[in-house]
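This report describes selected local features of a single model. Please consult the sequence and the coordinates shown below while reading.

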Amino acid sequence: MRRNILLTLILIIMIHTQSCGSKGLREPSVRPMAVAGQFYPADADTLRSMIDESFKGVKNVVGEDQFVQSVIVPHAGYVFSAHAAAWSYAQLPRDGRWDHIFLIGPSHHVAFDGASVNDAFEYYETPLGLVKVDTALAAKLNRENRCFSYVAQAHTSEHCLEVQLPMLQVWLKNESPIVPIIIGTLQADRLKEIAEALKPWFNERNLFVISSDFSHYPQYDDAVRVDKRTADAVASGDLRRIAKTVNENISAGIHNLATSACGLCGILVNAMLSEEDSTAECRHLYYCNSGDSRYGGKDEVVGYNAFVTLRKKESGFSLSADDRRQLLRIARGTIENAVRGDKAWSTDTASLSPALKERCGAFVTLNENGRLRGCIGHFGSDLPLYKVVEEMTVAAATEDPRFMPVNISELDRIEIEISVLTPLKRIHDISEFQYGRQGIYMRKGYHSGTFLPQVAQEVNWTKEEFLGHCAQDKAEIGWDGWRDAELYTYEAIIFKEEKK
């Protein structure tokens with residue numbers, strides 16, 4: 001009996017030890033390579049050498065005031081298309097780092113309605129190592145959007161995203177997590193839903209890689225003509241022109257032409273995402289087809305185009321120390337003239353810097369002995385900055401409905417603070433709102449309201465409480481009114497008079 005008890009205790013200790021020893025050592029889930037040794041070399045050294053060679057002769061076309069929002073790249077075997085892909089990837093800064101790299105391509109193996117985001121694997125494997133997947137964001141997209149779901153068959157053997165990874169691994173010095181998306185439809189309404197769902201991430205902090213080959217299986221000369229027409233349409237960014245051109249290619253009776261672009265779904269989503277930004281420019285970079293490779297013939301070729309979508313960087317508006325002192329002098333002169341009843345303050349515009357003549361918004365805040373005495377602001381870009389400061393100073397001193405007008409006896413105790421606002425930026429998801437750094441402006445129907453960035457420093461609210469208070473107390477649209485309101489963010493350059 002005692003022997004049995006002893007054996008039982010030993011067994012429990014062994015199980016407990018094994019359990020403790022394995023804690024935290026779970027093997028990560030990895031999507032294995034599906035086309036290594038077919039579309040690209042399986043040997044790491046050979047693969048790296050081949051990719052390095054593909055970048056020879058490429059040029060960067062990105063302007064200093066632009067950033068790369070997306071690239072359109074081929075997904076064929078490297079011996080046919082790696083050089084074309086390199087033209088797109090060469091537009092990326094080698095030391096670039098993004099919150100996410102969205103990989104978008106067509107399903108070659110299974111048709112389905114919508115798109116599949118791969119949230120089942122934490123990593124993708126290539127001969128050059130593992131590439132991290134942002135499974136949390138992938139799961140969020142699948143969970144919160146009816147156009148997304150996880151379709152395992154769409155990813156298992158699919159090559160169109162996998163072949164992009166070694167190119168990114170070699171070209172980029174820093175790692176960024178990927179979000180793998182396979183689209184299984186060309187239905188226009190569904191593609192629009194996909195674009196709308198991805199819009200919150202279509203910004204400078206994220207990169208979109210659109211995977212697509214072009215003409216399939218015409219004769220060499222026919223491919224050159226067809227791919228040129230399609231490329232011109234894609235570069236225009238015009239959705240109607242792209243669709244019209246593809247339809248014309250189909251109806252032209254070109255022998256053996258199976259498709260104008262196998263990744264048309266992703267190309268259209270990219271155009272939908274870009275259409276709201278008038279600065280977006282889709283630029284064609286390079287063309288070749290499989291007939292240009294020593295491994296391909298001139299019959300039944302496949303075409304490869306390379307594109308980059310460029311957008312303007314946000315303006316780097318700034319104010320020098322002299323600019324700030326000048327605005328404070330304007331505000332002080334304005335409030336003293338207004339309160340004393342003297343003639344209106346007149347700013348000498350000849351001495352102003354270009355920044356002070358820039359059209360942007362501003363708030364003027366008056367504090368008396370550390371307590372708020374008035375605050376009025378102006379959004380928009382209809383007035384030069386110095387004029388906004390003049391008008392808002394008078395308004396803060398005499399028109400703030402929460403306070404009586406400032407009187408002469410208070411002037412020496414009034415401290416002026418100015419918040420110059422950067423241009424408003426529309427957001428579509430509160431994940432884009434940098435709470436504590438940015439202010440929020442919301443608009444719903446005829447109602448609107450705002451909280452300046454510095455409000456976050458004065459309260460102990462969460463981001464959603466901040467939005468709720470702004471919606472309820474400022475915009476008067478109810479606590480949850482922000483959820484379906486138009487939301488805009490902005491930053492503020494804040495400065496005030498020095499205490500005497």
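Which residues are linked in a network of salt bridges? The network comprises Asp113, Arg146, Arg190 and Glu193.

## Basis of the report

The model is predicted; local features need pLDDT of at least 70, side-chain atom pairs count only at pLDDT 80 or more, and totals for chains, interfaces and linings use all residues. Residues are numbered from 1 along each chain as its sequence is written, and side-chain values use heavy atoms, with hydrogens and water left out.

Helices (H or I, at least four residues) and strands (E, at least two) are DSSP runs, numbered from the N terminus.

## Salt bridges

A salt bridge is defined here as a side-chain nitrogen of Lys or Arg within 4 Å of a carboxyl oxygen of Asp or Glu. By this rule the count comes to 29 salt bridges. Side chains of opposite charge can pair when their charged atoms come close.

Glutamate 275 lies in the loop between helix H10 (264–274) and E10, whereas lysine 192 belongs to helix H7 (residues 188–198), so the pair ties together parts that are 83 residues apart in sequence. Glutamate 275 is partly exposed at a relative accessible area of 42%, and lysine 192 is partly exposed at 32%.

## Pairs involving helix H11

Arginine 325 and aspartate 322 form a salt bridge with an N to O distance of 2.3 Å. These two residues are three positions apart in helix H11 (residues 321–340), and are therefore separated by about one helical turn. Arginine 325 is partly exposed, with a relative accessible area of 45%, while aspartate 322 is exposed at 52%.

Glutamate 497 and arginine 332 also meet in a salt bridge, at 2.8 Å from N to O. Because glutamate 497 lies in the segment after strand E19 (492–496) and arginine 332 in helix H11, this pair ties together parts that are 165 residues apart in sequence. Both glutamate 497 and arginine 332 are buried.

## Packing of helices H2 and H3

The axes of helix H2 (residues 44–54) and helix H3 (residues 78–89) come within 8 Å and cross at roughly 50°. Axes are lines fitted to C-alpha atoms, for helices over the stretch in contact, and angles run from 0 to 180 degrees between N-to-C directions. H2 is thus oblique to H3; angles under 35 degrees count as roughly parallel, over 145 as roughly antiparallel, 65 to 115 as roughly perpendicular and the rest as oblique.

Leu47, Met50, Ile51 and Ser54 of H2 meet Tyr78, Val79, Ala82, His83 and Ala86 of H3, where contact means heavy atoms within 4.5 Å.

## Loop residues

Serine 176 is located in the loop between helix H6 (164–171) and strand E8 (178–183) and is buried at 9% relative accessibility. Leaving aside residues up to four places away in sequence, serine 176 touches Arg97, Trp98 and Ile101. Serine 176 and isoleucine 101 are 75 residues apart in sequence, yet their C-alpha atoms are 6.5 Å apart in space.

Most residues other than glycine have a negative phi. Glutamate 300, in the loop between strand E10 (281–289) and strand E11 (303–312), has a positive phi near 50°. Glutamate 476 has a positive phi of about 60°.

Notes: Buried < 20%, exposed > 50% of the residue type's maximum accessible area, 1.4 Å probe, protein only.
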